[in-house]
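Visitor: Please take a close look at the aromatic pairs in this model. Which rings pair, and where do they lie?

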Amino acid sequence: TVIQSGAKAVVFDIDETLTTDDREQVLDYTSIESASARGGAAELVNSYVAKGYHPLFVTARPYWYAKGTRRWLSNHLGVPEATLRTTLSNTTTLLNPAEYKTQVLEEVKAPGMEIVRAYGNATTDIVGFADAGIPLSEIYIVGDNAGEMGSQPIAGGNYTNHLSSVVAATPDSGCRR
């Protein structure tokens, strides 16, 4: 992805953030069944896109499932062109997700992309996002870790209320493709 200086992005973890469970990626990968999208996930991502924000998907899924991940994003969320970053090793996937996410976010910020908000589900998401300089006031966490470590909780396990209370009040990015 070519990152235009001055672009504004919103970061999304995928598993158990946009899907309903971390384990669903295995079922999705094996084609046993497709991972279910969390309630309001498609509207969440597409609301930011409509406001001119670049969707940046940073997941600890391994590189060998990037094609399937892009297919899932398209089929379940209707995501237009976006940046997807996956890990390059299974070790990173299992042992270093926070450090990996920090590194990726620092890389995309270097040419001038501004990350305005981040969504995740795990404490490793909180650490990775915060260590990359995203304020805790702009880190939204869904699920069991909602509100942990000073992050902002997503109530109810879905994005319905969040869309009307937070996303609707978010100003247009001023960026268009």
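Guide: Buried means under 20% relative accessible area, exposed over 50%, and partly exposed in between, with a 1.4 Å probe and protein chains only. This is a predicted model, in which local features need pLDDT of at least 70 and side-chain atom pairs count only at pLDDT 80 or more, while totals for chains, interfaces and linings use all residues. Residues are numbered from 1 along each chain as its sequence is written, and side-chain values use heavy atoms, with hydrogens and water left out.

Rings of Phe, Tyr and Trp (its six-membered ring) pair if their centres lie within 6.5 Å; planes under 30 degrees apart count as stacked, over 60 as edge-to-face and the rest as tilted. Searching the whole structure gives seven aromatic pairs. One of them joins Tyr-48 and Tyr-119, whose ring centres are 6.0 Å apart with planes at 55°, so the pair is tilted. Tyr-48 belongs to helix H2 (residues 41–50) and Tyr-119 to strand S4 (residues 114–120), so this pair ties together parts 71 residues apart in sequence. Helices (H or I, at least four residues) and strands (E, at least two) are DSSP runs, numbered from the N terminus. Tyr-48 and Tyr-119 are both buried.

Tyr-119 also pairs with Tyr-159: the centres are 6.1 Å apart and the planes at 85°, so the pair is edge-to-face. Tyr-159 sits in the loop between strand S6 (152–154) and helix H7 (160–167), 40 residues from Tyr-119. Both Tyr-119 and Tyr-159 are buried. Ring pairs link these residues into a cluster that includes Phe-12, Tyr-53, Phe-57 and Tyr-140.
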